Amino acid sequence: MHRFVNAMFIGALLVCGLCGNANGGQTALKMERLRCEGMKEAVGVATAHPQFTWTIQGQGEAAASEIRVSDGDLDIWRGRGASLFDGVYAGPPLAPGRVYWWQARLVDAAGDGVTEWTSRRPFVLGLPDEEAWGAAKWIGEDRDFTPRLGDGKFVVEFKPLKGRFVACVRCAPDATGGVTFAVGAEEGALTNDWNRLEIVCRGDVAEASLNGRAFARREGAPTNGTFAVWAEKGDEARMKSAAWYDAAGVRVLHDNYAGSMHLQQVFFRMVRDGRVLIVNEQPYVHPGILPKNCPRYRKAFACGKEVVSAVASVTARGFHELWLNGAPADARRTLVGAPMTGGGWLFETYDVTSLVRRGDNMMGLWLSPGYSDDFVQYGPRWLKPRQALVRLDLRYADGSCEAVVSDGSWEFTDESPVVKTSIYHGEVIDRSLDDPAWCCCSGSHVSWRPVRVLGKSISDGTGGIRLRANDMPPIRRFDPRRPVRITEPKPGVFVADFGQNRAGVVEVRVKGPKGTRIRLKTSEILGKDGMIDPWTNSLAESTDEFRLAGTGEVETFLPRFTYHGFHYVEITGWPGRPTVDDLIGWAIGADVEETSSFSCSDTGLMWLHNAAYWSMRSNLMTFPSDCCMRNERVGCSMDSQAFEDAACQFFDMRRFYHGWLEISGAGGPNPDWAGDATTLARRLWRYYGDRRTYAERYPLMKTACERVFAKHPDGVCEKGYGDWCAPNKGTWDSFFNDVGIVNTSIFAEMLACTEDAAAVLGHADAAKDFAAKRAGVVAAFERRFRNRGTATYGDGSQTTFVLPLALGLVPEGDRAAVTAKLVETIRQKDRTRFDTGIFGTRYIGDVLLDAGEADLFLDLFTQRDFPGFGYMAAQGGTTLWEQWPFKCMMDSHNHAMMSGAASCLYTHLAGIRPAKPGYAEILIKPAFPSRLSFLAATRMTPRGEVQVAWKRRGGGVELSVTVPPFTPAKLVLSDGRVHEVRGSLSVVTRGNGKIPPKSALER
């Protein structure tokens, strides 16, 4: 659960701390938070040399750490750790798909144990490459979903913008064949408004008409495949809809751009006459509508001996759920699949030893469409039928091993209680179709048929694919909540308020007649009439439907292959009236471990902390998603870059961000969109001491910088998004702000990160080279954007000061003047209101607190007028919005990108910062806004927990600090004096953090 420190804890901490600067009363040394590769449950480790880490509590002396690894009861390696806090496996090669055990202890100089050995913890290496999958083959359903078009009619509604519009019907499956009709000005029926193109196919003949007037006839159309639309090179047309009707007039395939959309390579633009598709020389191909049901696969196998370990490796195109002998493999949810750069794919690893038994067994796999042909503008889509690849490694008590793999011996069925599912539109569950024995050795009552074997490739058996074990935190359900209230704004229409906007699903428990259909539609906001307002859902229907079996008992429904972003739920079809006990709202997201707590006397800062927490939790899936409610929900590098520092304060993000770097690749030429492929590596080094990621990423970091220089030779980057979503006029063009200043500042940071990586890795000459390149970019920035003779840059908005100050582009001698001008701009020009987008908002708190402007920081971050966080709170928001207005052209009410602002609550307000990578040394530099009466924060570092708490008393401040053992720290107060901290320290200050002549430290 999310931890907040309350006032009673603060008082207790201060009283304890003020008793003196001693370690008396602390316990003996103890090793805690043991992790393998940063994972609590180390199943699917993606390296042959895993790192073991822990924190240390208590007091005492130790000289080294010691680790041992065992295979069952047999020790196979024992060695010293790299430090007191970690060690890397250096023993004989470990076999993938096998359960090993590890433990650690602290020792003295003689090698004797200072602590007892920790309890044994398991870990499993994931399969290292495609070869390790052995005889496993991709399997799928037994039919081809390529549409058989036959005789029928293709209808397109379009408006020409310039040039010629082209339609190709009944293409071959690769969209290169078929017959083509080009519509231009010579067709007399063409208008400048909406036009209707009809192409009627009979046999191999196709005839075209425009607005009822025939104009062309073609022969030779194939009878199956796809259809496509485009405009010729350099031309554009606006499309409203496209559809295929069969000979009987039934619409078989369609795209109407107001719901599901199936055209590939699509980019939506919003215009005044509705949401339409802009087509140009890039063909948009409609391959047919893929099914949205959830088939089940299974394989019977026998174990003739005692099983000591069973490890399953599974990947699928589409979401999946693994079962063994009638039970799910574990509680994770594989809701978001993510391809890696270079065309690779992640796979899941499961320790299923407890579910496999001697004798007959049944393994089952449940598949859903996942990111299918439901419309999404960006990111991954799988536009072919669902596929799966499975390997189960069995190890017996006699030491022998066996593998069960996906092949032609598997069977599948279309019959499933999940009748239909879409990540955007929701799930339909029919409880009358339950088959509890589907993954049991007997008792299943549905019909099964053989699977289709697709080969070793992910698609058709013609080549290999890079598969990588997914060692990111698994996606789980968590934090169940009942509604805080249920209203009935219209007869039979109920609205449940869950009190908090977040990503998740609603579990329903209900009793009613057979065939009863209950619909739950989610939304983030309410209308004035008390009904939900689905404005921010955009094209996502966000509706789950539950069909009762009518057993006479309470039936439970819980969507498994979808999720929604919601605060409210509209309920229709309920038999009677629902109560708060009938509904449970579950949050869904990556199981990132919470590592911090924060509390203070200001309710506005507390709102921001909670809103940032839930905005990030709602958008950490297999990748950092842009939003959780509308028809996107895909990885967004720009958004991620803006809140990564905050995420690393709130959560343990090492494994998550390492995996995100694997997925995202080297980035592109615009630093705002792709800079985090470089800057994130340094964040992992700074917060976690993660040198390995530096080593892995360094070549790509260099490549990323080279790409920017290739597009911008002088390093001044004036293309991109800039300070995205600053207060604006509500038009698309006004979302882009301070593009050149933001991009060039971030590029300078990219070069600094690459310089640092080169230095850490021992590439001294390369480090000097990147330092020189950065200096050149900084000089070019000064020439291009500095307003001559002033302390201003660009147009003088807040961000034009904040980014150069935060990222080190302002000459040292000018920093005071530039900072003073920023303060003047905020107070006078902007009346203490935000004028920043995602990057300016991320850094403005850091800059103000570093400048000693703690009171201005607090006023800005808590004022309740538009635009500001206080305004969001006053409008009933519980998460951070995409835009500052309540409603505008593009808006979600749960976007993580503004959460970056909350980083400063820990790093600059509480003042907890790493003085050396991984908090090997700690800097504590708190700020003391005069309106705050107390503050308390904790931060779990790789070495242990840091605590900072203070409270105003009389005319001064009582401050208490605690740091982990074996970790030097420095406390810097506002008068600039520096104090060494080891263990715990208490200080009594005067005024806003100034040391009196005789401090508690000195007594």
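Asn631 is placed in the loop between helices H2 and H3 (637-650); helices (H or I, at least four residues) and strands (E, at least two) are DSSP runs, numbered from the N terminus. At 5% relative accessibility, Asn631 counts as buried, where buried means under 20% relative accessible area, exposed over 50%, and partly exposed in between (1.4 Å probe, protein chains only).

The model is predicted, and local features need pLDDT of at least 70, side-chain atom pairs count only at pLDDT 80 or more, and totals for chains, interfaces and linings use all residues. Residues are numbered from 1 along each chain as its sequence is written, and side-chain values use heavy atoms, with hydrogens and water left out.

Helix H2 comprises residues 603-617, and its 15 residues should span 21 Å at 1.5 Å a residue, in agreement with the 21 Å between its end C-alpha atoms; the expected span is 1.5 Å times one less than the number of residues. Of these 15 residues, 13 are buried, so H2 is largely enclosed by the rest of the structure. The N-terminal end of H2 is capped by Asp602, a side-chain oxygen of which lies 2.8 Å from the backbone nitrogen of Gly604.

Strand S26 (residues 345-351) is likewise largely enclosed by the rest of the structure, because six of its seven residues are buried. Strand S23 (residues 307-317) runs antiparallel to S26 and is joined to it by four bridges; two strands pair if DSSP finds at least two bridges between them. In this pairing, Ser313 stands opposite Thr349 of S26. S26 also pairs with strand S35 (residues 467-469), in the parallel sense and over three bridges, and Ala469 in S35 is the bridge partner of Phe347.

An open sheet of three strands, with antiparallel pairing, has the order S1-S3-S6. Strands S1 (30-36) and S6 (86-88) stand at the edges with a single partner strand each, so one side of each is left without a neighbour in the sheet. The twist averages 20° from one strand to the next, with axes taken as lines fitted to C-alpha atoms (for helices over the stretch in contact) and angles running from 0 to 180 degrees between N-to-C directions. Three bridges link S6 to strand S3 (residues 51-57) in the antiparallel sense, and Phe52 stands opposite Gly87 in S6.

Positive phi values occur at Arg33, near 50°, and at Glu37, near 55°. Arg33 is found in S1 and is partly exposed, with a relative accessible area of 21%. Glu37 lies in the loop between S1 and strand S2 (42-45) and is buried, at 2%. A cis peptide bond joins Phe866 and Pro867, with omega about -10°; Pro867 is in the loop between helix H13 (854-862) and helix H14 (869-874).

A search of the whole structure finds zero disulfides, a disulfide being a pair of cysteine sulfur atoms within 2.5 Å. The sulfur of Cys294 is 16 Å from the closest cysteine sulfur, that of Cys439, too far for a bond. Cys294 is buried, with a relative accessible area of 0%.

Key: Polar contact = N/O pair within 3.5 Å; in protein donor to acceptor, adjacent residues only side chain to side chain.
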